Amino acid sequence: MSGGNSEERTEKPTPKRLREAREKGQVARSRELNSTLVLMISALGLWGLGYLLVADLATMMREGLVVERQMTMDPSALVQQFASLTGEGLWVLAPLFVLLVLAALAGPMAMGGMVFSTKAISFKLEKINPVKGLARIFSARGLMELVKTLAKFLLVAFASVLLLWSLKDELLFLSHEPLEAALGHAGSLFVRAFLLLSSVLILVALIDVPFQIHQHNKQLKMSLKEIKDENKETEGRPEVKGKIRALQREMSQRRMMERVPEADVVITNPTHYAVALAYDRESGGAPRVLAKGADLVAMRIREVATAHGVAIVSAPPLARALYATTEIDQEIPAELYVAVAHVLAYVYQLNRARAGEGEEPDLPADLPVPEEFR
């Protein structure tokens with residue numbers, strides 16, 4: 001039996017896939033949540049600010065309907081009064097407008113945050129393709145939207161019938177009230193009905209939000225093949241990574257070989273290992289490793305050292321210890337100070353002897369290399 005089709009989208013989206021989808025404007029959105037919040041905030045705004053709004057608008061209407069005789073003879077005065085009343089009306093309604101704007105922003109902020117993408121608004125021929133448009137309409141998602149719209153209509157219609165039935169006595173009683181009291185009572189009934197019907201849509205939003213999140217995650221799911229391809233693009237293909245590592249090693253070795261002529265001594269195994277050391281008396285530090293290598297690299301270090309007259313000393317235990325415990329351009333460990341000091345002293349005496357300033361020395365047969373380093 002096969003272990004599954006690698007083309008099936010069964011895996012969760014990777015962070016890179018989520019980031020790219022967000023850049024394209026593809027985030028979870030619920031129109032039902034947005035419309036519910038706008039209606040609820042509008043109803044609450046009218047409930048809290050309705051009395052003040054009605055009072056201010058009534059004052060404006062009374063003042064606006066009073067026209068002095070001289071204004072009728074000056075058209076510009078009428079235009080100026082109309083502009084003034086319009087500005088006052090907008091100022092009176094400004095708190096409600098601010099609430100509506102905040103409500104319109106609250107929905108997207110609650111689901112994925114605000115996203116602005118030029119890719120989402122860019123022109124694409126497929127957006128006006130009638131075939132794809134019909135496919136979207138008659139797809140499973142389109143069917144779900146139709147069912148959701150019908151359910152919302154039936155729910156609101158049912159709630160409206162119940163509301164009208166519960167308010168029938170108050171509505172009929174309006175005809176027995178004075179005009180001003182009836183208008184205030186009617187406004188109160190309207191706001192109450194608006195708030196109750198808006199509350200009904202909360203049920204629709206509670207169902208739609210998880211559904212939209214599920215659909216969004218389902219659309220972004222990836223197949224095993226897509227994840228593997230993404231990993232290759234992100235981390236690089238194995239053959240390319242191998243080539244890069246080879247080039248890096250080559251460059252590192254080239255730089256290392258360029259420093260071998262600066263060494264005071266090259267300590268060898270004698271054939272398997274080679275470590276080039278330099279000691280700066282003025283700095284007061286320990287000897288530093290300029291280059292090290294095994295086999296072919298060790299042979300190349302010996303060749304460069306021979307070509308530039310750098311002393312080569314065969315000390316197998318010390319060479320192995322230095323190779324295993326040091327890194328390029330780092331000081332040698334304290335445990336090997338004495339053994340390296342013997343070698344450096346031997347090299348300095350050897351150079352003096354070759355310059356005719358003394359006898360040629362002998363390297364100690366057994367350098368003091370600790371057992372744990374051998």
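A search of the whole structure finds 6 salt bridges. A salt bridge here means a side-chain nitrogen of Lys or Arg within 4 Å of a carboxyl oxygen of Asp or Glu. This is a predicted model, where local features need pLDDT of at least 70, side-chain atom pairs count only at pLDDT 80 or more, and totals for chains, interfaces and linings use all residues. Residues are numbered from 1 along each chain as its sequence is written, and side-chain values use heavy atoms, with hydrogens and water left out. Helices (H or I, at least four residues) and strands (E, at least two) are DSSP runs, numbered from the N terminus. Buried means under 20% relative accessible area, exposed means over 50%, and partly exposed lies in between (1.4 Å probe, protein chains only).

**Salt bridges**

- Glu170 forms a salt bridge with Arg192, and their closest N and O atoms are 3.5 Å apart. Glu170 lies in helix 8 (residues 168-173) and Arg192 in helix 9 (residues 179-220), so the pair ties together parts that are 22 residues apart in sequence.
- Glu170 counts as partly exposed at 26% relative accessibility. Arg192 counts as partly exposed at 27%.
- Arg288 and Glu331 meet through their side chains in a salt bridge of 3.7 Å, N to O. Arg288 lies in strand 5 (residues 288-294), and Glu331 in the loop between helix 13 (316-325) and helix 14 (337-354), so this pair ties together parts that are 43 residues apart in sequence.
- Arg288 is partly exposed because its relative accessibility is 33%. Glu331 is partly exposed too, with a relative accessible area of 38%.
- Glu303 and Arg300 meet in a salt bridge of 3.4 Å, N to O. Both lie in helix 12 (residues 296-307), 3 residues apart, which is about one turn of the helix.
- In an α-helix there are 3.6 residues a turn, so residues three or four places apart point the same way.
- Glu303 is partly exposed at 39% relative accessibility. Arg300 is partly exposed at 43%.
- Salt bridges that share partners join Arg259, Arg288, Asp329 and Glu331 into one network.

**The bend in helix 2**

- Helix 2 (residues 31-64) has a kink of about 65°, centred on Leu49. The bend at a residue is the angle between axes fitted to the seven residues ending there and the seven starting there.
- A straight helix of 34 residues would span 50 Å at 1.5 Å a residue, but helix 2 spans only 40 Å between its end C-alpha atoms. The expected span is 1.5 Å times one less than the number of residues.
- Buried residues of helix 2 include Leu33, Met40, Gly50, Leu53 and Met60.

**Strand 3 and its partners**

- Two strands pair if DSSP finds at least two bridges between them.
- Strand 3 and strand 4 (residues 273-278) pair in the antiparallel sense over 4 bridges. A hairpin joins strand 3 to strand 4 through 4 residues. Val266 stands opposite Ala276 in strand 4.
- Strand 3 and strand 6 (residues 311-314) pair in the parallel sense over 4 bridges. Val265 stands opposite Ala311 in strand 6.
- From strand 3 (residues 265-268), Val265 and Ile267 point one way, while Val266 and Thr268 point the other way. All four are buried.

**Around Leu146**

- Leu146 is placed in helix 7 (residues 140-166). Leu146 counts as partly exposed at 47% relative accessibility.
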